[in-house]
Amino acid sequence: MVDFRLNDKPVSVDVPDGTRLLWVLREHLKLMGTKYGCGVAQCGACMVHVDGAPAFSCQVPIETLRGKSVTTIEGLSPDGRHPVQRAWLAERVPQCGYCQSGQIMNAAALLARNPRPTRAEIVDHMSANLCRCGTYQRIVRAIERASREG
Amino acid sequence: MAPYIEGRHGSAGAPHVTRREFMVGAAGLTFGFLLPGCAAVATPEKGATLATSTGNAPAFSPWVSIATDGTVYIQSPAAEMGQGSLTSLPLIIAEELDADWAKVRVVPAPPDDKVYGNPGFGGVMYTAGSNAVRSYFQPLRVFGAQVRRVLLDNAARRWGVAVSELTTEPGVVVHAKSGRRLGYGEIAAFAEIPAKAPAITPEELKKPEAFRLIGKDVMRVDLPGKVDGTARYSIDVEVPGMLYGAILRAPVEDSAPVDVDEATARAVPGVMRIVRLPFGVGVIAQTPWAAFAAKDALKVTWDHKAPGWGFDSDQALERYAAAARDLKTAGKPWGKAGDAAAAMGTAATVIEAEYRCDYAYHAQMEPLNSTAAVSPAGDACEVWVGSQGQTMAVAAVAKALGIPAERVHLHNTLLGGGFGRRGHRDEEFVVDSVLLSKEVRRPVKLMWTREDDVRNGRFRPMSAHFVRAGLDQSGRIIAWQHRLACDWVTPYMDPVRYRGILRENDVIAVAGTELATYEIPNRLAEQLGQQTGIRTSPLRGIGFVANKFATEAFLDEIAARRRLDPVALRLELLENAPRAQEVVIAAIEMSDYRRTRPGRSLGFAFVDYSNTMVAGVAEVSIDRATGVIRVHHFWCAIDPGIAVQPDNIVAQTESSIVYGLGLALTERISVKDGVVQQSNFFDYRVPRLRDVPEMHVKLMPTANPPTGVGQMATPLVAPAIAAAVRAATGAKLTHTPFLPERVLAAMRA
């Protein structure tokens, strides 16, 4: 049994040690916003926050989360109106949308740590996430907008 | 309030249930429409009777239902994989219907070719080829206008006035003389629908200046759910009692398992069943991690009867190149004009060059997956999948189970990317889930891992291009020959379409060789199809990507021989194509093409992609020590005719450029002894944010019918980069992707 906080609520899960957070979120806790893309920390579709820092949930063994706090796209804001989410709609970022939960979580983590990132800092930070639809330019614009409009 | 997708927030079964509910509950008007032929049929039922129409290929399905509360439900026949036509198609109906967009609800259409089939694909529901808006535009406009006319006629009868005195505002019929108004929902409460649909002439359709929705950038209906985690893809489906499946597929097509050592796999906790399949070995487990672990633990030997064993892509490409150069062997002709052979014989100069392209992989972000629930008796099946071909998926499931298509109930979800991978006639990843569910008669969610998705990928073919041009004394091109040696694609990915409407032309492979827009009087393109046993597929940009690389790079070669500016040569060849000239000139102007910039160089390319005109300029720098190319800017001008959703066209063009960048620079699948050598994103490198240039897209809509926008810029990228590298270094890049070692070799040559 592993106890941790998930989207500001305590949660207990009973899965074998070594099971990755991604699959626990999706198939055990039924939070489907976090996506499977590669399983090897290459694409970032699975990104969540662990104690506020971005993490590839496909790499996080469940037992390492004892006492920690996890935030997923479902818990980023109560109403889907986090500044990053609003900026993502204003800039019409998503296309197929599959990678966007991970993109948004990573962008939110960046802005939480660095509210006024430079273009170079955005590019560097967000290069962890793949988007096969190539929405990258709009991702940059949306982060700059979220930074501006907070 | 913004329109939304029915069922977006619901469980997996919601789209179907919701649809039935609105049929039962709306008590409004239901309009049907039969494609092709634009023959609208209005059904006199008030909606309720259609409630019995489930996904089981209803005899009659509505395109539009108007509820008495004024809500307008519009079915969208397109699969949504990021391109936006889930929104654009209903928008076209809503425009002519003069619907209040805030009251529109978009409903994914059930699988029924007779009602929803794409006229551009012989009436099959198939979302591909940037073809949805292009093919549905005119029939949907006419249909929207017919629905509006029925509402007007009913209002005229109710008020006892001539219909000519009536107009509409969004969602309301207005009689200006008396100041009376009737909402569409109010009319729905009493309306009678004629047995025969009213005739609408093209002149009666809205003039572009009267458009309220087309060209106005409405919010795509799928976007809100894509920023808050609620968008549902097939991988997110939950069905009560569901198990999880994985399949170890044979690495080489048409191979079967011989010996299966399943002891280790069986010992994985949670594993329930190991299933022998004709093409692999399946695992059914209680959890996805158990299914994946057991699949990885299987030890299988395969029979080696299939032709793909022994295939080596490096060696094969040499054979393709030899076949392309062997002028004694004629290829299958395509894009013939005049008499290329005769004209070549009279040419003052003949120029020849060879180009090559490697296999490429789709890399849609959502690995292939499907969930199936075969009934206990095995005589029916429910399927949840994101397919580019809804009715093809139904047919494939029915065939796999030996049941009628009416017994298959499909829920087509959002697709986490398509790019051509999810529209093969056999829909193999859908059948995977059905075969496993059939074993246990319980719902099974079947997921391919990323490694499965790469290793069992179906690829853009490998190709060698031998291109020849005959020039007259003045240097004008009088003869053109493009000999394309590549794996067959269409016969493999869709034999039905290949033998049917394509008349045995491998259009997926040869498209883009035809050069119809350039003023070259004698042309011959030939395909030398290669039987290899390697799995192939349409991939974004299809044949255009490889073929336009060859033809545009070859034009640069010809320009160099003539000591002519590459753009000047294009303008000469486009002298009778004013739309093409416009985008060329725009791309030149926006990139300030004539300005030299230290350490960087520019390259140009033009493509007429199914009547969408695109021109692009790349600004690149080359690290001469490492051979690494960096693209700093990409300018693109695009004329797609009428722009239905302008900002989305810009987004699709940016997307196309990024896709083209990967194919040009880094993306490569190689095959040894029939086995794919790559497995994940660390060895199949797609562009990241840091790799992407600043993109500058100029949308240049014209009053022409809308053409496609989903992939048109992709073929521009490789030739534009090659031209820029040539301008800077003189090196001729002839083989995509432009890997650093290839760039270094070209610079040494």
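Mentor: In this predicted model, Pro83(A), Val84(A), Ala87(A), Trp88(A) and Ala90(A) of helix H2(A) meet Ala142(A), Arg145(A), Ala146(A) and Glu149(A) of helix H5(A).

Trainee: What classes of residue make up the contact of H2(A) with H5(A)?

Mentor: Seven are nonpolar, two are charged and none is polar.

Trainee: Why is H2(A) called oblique to H5(A)?

Mentor: Helix H2 (residues 83–90) of chain A packs on H5(A) at an angle of about 130°, and their axes are 8 Å apart. Perpendicular pairs run from 65 to 115 degrees and antiparallel ones are over 145, with the rest counted as oblique. That makes H2(A) oblique to H5(A). The crossing of the two is right-handed.

Trainee: What makes H3(A) oblique to H5(A)?

Mentor: The axes of helix H3 (residues 100–113) and helix H5 (residues 136–149), both of chain A, cross at roughly 40° and come within 11 Å. Roughly parallel would need an angle under 35 degrees, and roughly perpendicular one of 65 to 115. H3(A) is therefore oblique to H5(A). This crossing, of H3(A) and H5(A), is right-handed.

Trainee: Which residues of H3(A) and H5(A) meet?

Mentor: From H3(A) come Gln103(A), Ala107(A) and Leu111(A); from H5(A) come Ile139(A), Ile143(A), Ala146(A) and Ser147(A). By class, five are nonpolar, two are polar and none is charged. Ala146(A) is also among the H5(A) residues that meet H2(A).

Trainee: How do you know that strand E2(A) lies largely in the open?

Mentor: To count as buried, a residue needs 20 or more other C-beta atoms within 10 Å of its own. Strand E2 (residues 9–13) of chain A has five residues, and the number buried is zero, so E2(A) lies largely in the open.

Trainee: What makes E1(A) and E2(A) a pair of strands?

Mentor: Pairing requires at least two bridges. Strand E1 (residues 2–6) of chain A has five with E2(A), in the antiparallel sense. As one example, Phe4(A) has Val11(A) in E2(A) as its bridge partner. E1(A) and E2(A) form a hairpin with two residues between them, and Asn7(A) in the turn has a positive phi of about 50°.

Trainee: How many residues of chain B are in contact with chain A?

Mentor: On chain B there are 44, and they touch 42 residues of chain A. Helix H7 (288–297) and helix H19 (646–665) of chain B are the elements giving two or more residues to that side of chain B. H19(B) supplies the largest share, six residues. The chain B side divides into 23 nonpolar, nine polar and twelve charged residues.

Terms used. Residues are numbered from 1 along each chain as its sequence is written. Chains are lettered from A and ligands numbered from 1 in the order in which they are written. This is a predicted model: local features need pLDDT of at least 70, side-chain atom pairs count only at pLDDT 80 or more; totals for chains, interfaces and linings use all residues. Axes are lines fitted to C-alpha atoms, for helices over the stretch in contact, and angles run from 0 to 180 degrees between N-to-C directions. Helices (H or I, at least four residues) and strands (E, at least two) are DSSP runs, numbered from the N terminus. A crossing is left-handed if the near helix is turned anticlockwise from the far one by less than a right angle, and right-handed if clockwise. Two residues are in contact if their C-beta atoms, placed from the backbone, lie within 7 Å. Ala, Val, Leu, Ile, Met, Phe, Trp, Tyr, Cys and Pro count as nonpolar, Asp, Glu, Lys and Arg as charged, and the others, Gly among them, as polar. A residue is buried if 20 or more other C-beta atoms lie within 10 Å of its own, exposed if 12 or fewer, and partly exposed in between; C-beta atoms are placed from the backbone.
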